[in-house]
Every structure is written in C-alpha cells, then in structure tokens.
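Subject: Structure handover

Hello,

Here is the structure for you to take over. My notes on what turned up follow below it.

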Amino acid sequence: MKRNPRRAYDKDGREIQPATVASQMMLGRHQVEIYCNACRHYRGGIDVSDLPPETTIPDICLRYRCSACGSKNLMSRGDTHEHYELIDAARKGTK
Ligand SMILES: [Zn+2]
C-alpha cells in the first residue's frame, strides 16, 4: 500500500484522519504555518478561514511555493504561535 507523505499512520498502518480547516476552526484556530523542507524557510500566521472547511491542513502547502527558494517541497500544520496564544489566553481566563 502506497503511503501519502503528508499523512500520519498508526502502528497498524491505518491512515490517521488529518486535521481540517473545519476541525481547526472548532478549536478556535484560523492560522497555519508552512515550512520549506528544502531551505527551512518558515512562514506563519497564514489565515485559512476563507478555504473550504473540508480542506485538510497537511495539504494546504500544496497551494504554495517557497518564497525564498521556489521549492514546492513544503509542510503545513496548525500555527504554533496561535496555538500557544490560545493556551495562554485560556490560562488567564480571557477567552
Ligand atoms: Zn525554500
């Protein structure tokens, strides 16, 4: 069975359902970050609210090309800064 490099698999080789724009929004998250695997260029804070809700987070990188080296070998995931801001806000009870 061919594995998709943008998916995670459990120990039995079953594909783990990736996060989607909809599932992220339900957690109050609207941003992703993208890493370039070729030159390690990083871009965070990309707003995904306008994308179709079923869009999978690991596939958002397919829409982009690295602005530094032009590579399409990218990786996308939920924005970590936004993630920690939300945790921080929850701890302070402001959200
Ligand atoms: Zn790059």
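Contacts first: among those between residues at least 6 apart in sequence, 65% join residues at least 24 apart. Bear in mind that this is a predicted model.

The overall layout is next. The protein has two helices and five strands. Read from the N terminus, the order is β-β-α-β-β-β-α. The C-alpha trace spans about 45 × 35 × 25 Å along its principal axes. There are 95 residues, and 16% of them count as buried.

Now the hairpin of β3 and β4. Strand β3 covers residues 31-36 and runs antiparallel to β4, with four bridges joining the two. Five residues sit between the strands, and in this hairpin Arg 40 takes a positive phi near 70°. Ile 34 stands opposite Arg 43, which belongs to β4. How many of the six residues of β4 are buried? The number is zero, so β4 lies largely in the open.

Next, Tyr 64. This residue is in the loop between β4 (42-47) and β5 (74-78). Is Tyr 64 buried, exposed or partly exposed? Its C-beta has 14 others within 10 Å. Buried takes 20 or more, and exposed takes 12 or fewer. Tyr 64 is therefore partly exposed.

Which residues does Tyr 64 touch, leaving out those up to four places away in sequence? They are Ile 34 and Leu 74. Ile 34 is also the residue opposite Arg 43. Pro 53 is eleven residues from Tyr 64 along the chain, and their C-alpha atoms are separated by 18 Å.

Best wishes

Conventions: Residues are numbered from 1 along each chain as its sequence is written. This is a predicted model: local features need pLDDT of at least 70, side-chain atom pairs count only at pLDDT 80 or more; totals for chains, interfaces and linings use all residues. Two residues are in contact if their C-beta atoms, placed from the backbone, lie within 7 Å. Two strands pair if DSSP finds at least two bridges between them.
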